[in-house]
Amino acid sequence: MGDLFREIWQMATYYNLLFLAQGAVTTIALSAFGCILGGLFGTLLAVARLTDGAITWPLRMLALIFTEFFRRVPFLVTLFLCFFAFQFAGLDVSTLTVGCVTVVLIGTAFLAEIVRAGLQSVHPNQWHAATTMNFSLLQTIRYVILPQAWTVILPPAFGFFILFIKDSALASQIGVVELTYVGKTFSNKGFSAAASFGVILVIYFMLSYPLSRLGAKLEKKLAPSRTR
């Protein structure tokens, strides 16, 4: 154990700490980017799936296929699909760009279902009342449904964000410099796997645990409003 702590101490040079900070920032940025843009596009897909009528049927089918496909394909497979798709198209983009596109695709698919479930959790009478007042679908969602549904949407969306922090580790497979990539680099430099990935494990915990506690408090605070 003493050797392990001595090795970690030797690892704590200025440039290694800078490299660790870069990996941590990239991990958080990838997760946040996927959740913010994924939440935006996911909301559009959720609204598309709530439409009815023959005119919007193609839109509903596209939203359904997109959601079901990317929710069932593993993150790593989607990552390689995007990687090789960019290569096939002859686009010279960075691995970080590939990672960003991948997290947005995955985030959109999962958050679309979370948003759709939240919108549908609002009592049907609210939808009927808005229809009676000649609200359009978008007006109904914006002014009537969304203000009530966000308390249902927010806790699972927050949980998804925390899960995404861990899943973003797979982006290291294509060379994105995030936390797991930093751990592999330390190991390649000659530090033991226990020291290299032990440090990475602690940083992942330091990132995700406060967020999970914040999510639990948020859920507890919103629980009474969901039962009204």
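Residues are numbered from 1 along each chain as its sequence is written, and side-chain values use heavy atoms, with hydrogens and water left out. In this predicted model, local features need pLDDT of at least 70 and side-chain atom pairs count only at pLDDT 80 or more, while totals for chains, interfaces and linings use all residues.

**Confidence.** Colour the model by pLDDT, the predictor's confidence in each residue, from 0 to 100. The protein has a mean of 87, and 96% of its residues reach 70 or more. Select helix α1 (residues 2–11), where confidence is lowest, at a mean of 79, and then helix α5 (residues 95–120), where it is highest, at 93. Helices (H or I, at least four residues) are DSSP runs numbered from the N terminus. Where pLDDT is low, the predicted coordinates should not be read in detail.

**Helix α2.** Select residues 14–49: this helix has 36 residues and reaches 51 Å from its first C-alpha to its last. That span is close to the 52 Å expected at 1.5 Å a residue, the expected value being 1.5 Å times one less than the number of residues. Centre on Gly39, where α2 bends by about 30°; the bend is the angle between axes fitted to the seven residues ending there and the seven starting there.

**Salt bridges.** The structure holds 4 salt bridges, each a side-chain nitrogen of Lys or Arg within 4 Å of a carboxyl oxygen of Asp or Glu. Select Glu113 and Arg49, whose side chains meet in one of them (2.8 Å, N to O). Glu113 lies in helix α5 and Arg49 in helix α2, so the pair ties together parts that are 64 residues apart in sequence. Glu113 counts as buried at 16% relative accessibility, whereas Arg49, at 21%, counts as partly exposed. Here buried means under 20% relative accessible area, exposed over 50%, and partly exposed in between (1.4 Å probe, protein chains only).

Next, select Glu68 in helix α3 (residues 57–72). Glu68 forms a salt bridge with Arg71, the closest N and O atoms being 3.8 Å apart, and Arg72 forms one with Glu68 at 2.5 Å. Arg72 and Glu68 are 4 residues apart in the helix, about one helical turn. Arg72 is exposed, with a relative accessible area of 57%. Salt bridges that share partners also join Arg49, Glu113 and Arg116 into one network.

**Surface patch.** Finally, select Leu201, Val202, Phe205, Met206 and Tyr209, which make a nonpolar surface patch of about 540 Å². Phe205 lies in helix α9 (residues 193–226) and is partly exposed at 48% relative accessibility. Patches are made of residues with over 30% relative accessible area and no salt bridge, nonpolar side chains (Val, Leu, Ile, Met, Phe, Trp, Tyr) being joined within 5 Å. Accessible areas come from the Shrake-Rupley method with a 1.4 Å probe.

Key. Patch = residues over 30% accessible without salt bridge, like charges linked within 9 Å, V, L, I, M, F, W, Y side chains within 5 Å. Helix = DSSP H or I, 4+ residues; strand = E, 2+ residues; numbered from the N terminus.
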